[in-house]
Amino acid sequence: MRVELLAYTPNADVICASAGNSCYSSSPAHEIMGDVDSERILNRIVGMGHHSVIEHAVFTFSVEGVSRALTHQLVRHRIASFSQQSQRYVSMDDPSYVVPHTIEGDPEAMALFESTMDAIWKAYSDLESMGIPPEDARYVLPNGCTTNITITMNARELLHFFSLRCCNRAQWEIREMADRMLDLCLEVSPVIFRNAGPPCVRGPCPEGRLTCGEPRSKRGSE
Ligand SMILES: Cc1cc2nc3c(=O)[nH]c(=O)nc-3n(C[C@H](O)[C@H](O)[C@H](O)COP(=O)(O)OP(=O)(O)OC[C@H]3O[C@@H](n4cnc5c(N)ncnc54)[C@H](O)[C@@H]3O)c2cc1C
């Protein structure tokens, strides 16, 4: 998997803090930008639950080589924009799939997995040879098939996304992607994302009897 931060709101911490402070100031955001203490202001305003202030910061990621199982989970997040490689217009001729670690680490399971993938891609190729278009031949392709996707989310949605998907209850693949996205966000916007991650980095786990029982450390402190 490869995760790149393609674009982001520059000075996101300062812009969101200035926007927040302008609500309580006679001056507009552009006049108070130079003087704001982003950390103090965002801690106060966002801490009060006024999360709309951090919607001014937007982040775009390019993700390569993740499974369609992952993107199916990802696109459930509705306050986001996605552009995903099409299996209708891009032929999937080359076998490319994600192998879960549980399968990779078990020779018998791995042999079964690989022979199944070989059979699937042979069927895909045979269907194309019969004149079946890629958009229909793809119906035989597996959840593990790799894909590329571009994601844009604002910081409010990202905090929510990290809360759900950096959690140990999320599946390992989307958790790995979310962790990498959070690391990239922390590099450019350390104040907004300082407490980002699963609920257990901020307090008690809300998962009840489904808790993993293993609180995670804050990103950046791991
Ligand atoms: C560990 C885990 C297991 C899961 N298991 C399943 C499963 O078995 N089956 C399944 O179907 N899904 C499952 N999901 C997906 C889950 O139910 C959500 O669809 C997904 O996480 C998106 O979350 P969301 O709706 O909170 O966020 P987003 O779509 O990102 O929305 C963000 C927030 O905006 C608000 N919002 C967005 N749309 C609306 C709306 N229409 N009305 C009111 N408020 C809105 C809500 O406050 C929401 O939390 C699972 C998710 C996780 C993390």
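This is a predicted model: local features need pLDDT of at least 70, side-chain atom pairs count only at pLDDT 80 or more; totals for chains, interfaces and linings use all residues.

Residues are numbered from 1 along each chain as its sequence is written.

**Exercise 1.** Find the secondary structure of the protein chain and its pattern along the sequence.

Step one: count the elements, which come to 9 helices and 4 strands (DSSP runs, H or I of at least four residues for helices and E of at least two for strands, numbered from the N terminus). Step two: read along the sequence, where the pattern is β-α-α-α-β-α-β-α-α-α-β-α-α. Step three: picture the C-alpha atoms in a box of roughly 70 × 40 × 25 Å, taken along the principal axes.

**Exercise 2.** Into which domains is the protein chain divided?

Start with domain 1, which takes in 2-83 + 146-210, while domain 2 is 88-140; these bounds come from an automatic or database domain assignment. Then place the two relative to each other: their C-alpha centres lie 34 Å apart.

**Exercise 3.** Which residues surround the ligand?

First list them: Arg-76, His-77, Arg-78, Ile-79, Glu-157, His-160, Leu-164, Arg-169 and Ala-170 (a residue counts if its C-beta atom, placed from the backbone, lies within 6 Å). Next sort this shell by class, which gives 3 nonpolar, 2 polar and 4 charged residues (Ala, Val, Leu, Ile, Met, Phe, Trp, Tyr, Cys and Pro are nonpolar, Asp, Glu, Lys and Arg charged, and the others, Gly among them, polar).

**Exercise 4.** Describe how helix H8 packs against helix H9.

Begin with the geometry: H8 (residues 155-165) and H9 (residues 172-188) pack at about 140 degrees, with axes 9 Å apart (lines fitted to C-alpha atoms over the stretch in contact, with angles from 0 to 180 degrees between N-to-C directions). H8 is therefore oblique to H9 (angles under 35 degrees are roughly parallel, over 145 roughly antiparallel, 65 to 115 roughly perpendicular, and the rest oblique). Finish with the contacts: Leu-158, Phe-161, Phe-162 and Arg-165 in H8 meet Ile-174, Arg-175, Ala-178, Leu-182 and Cys-185 in H9 (C-beta atoms, placed from the backbone, within 7 Å). By class, this contact has 7 nonpolar, no polar and 2 charged residues.

Definitions and conventions: Two residues are in contact if their C-beta atoms, placed from the backbone, lie within 7 Å.
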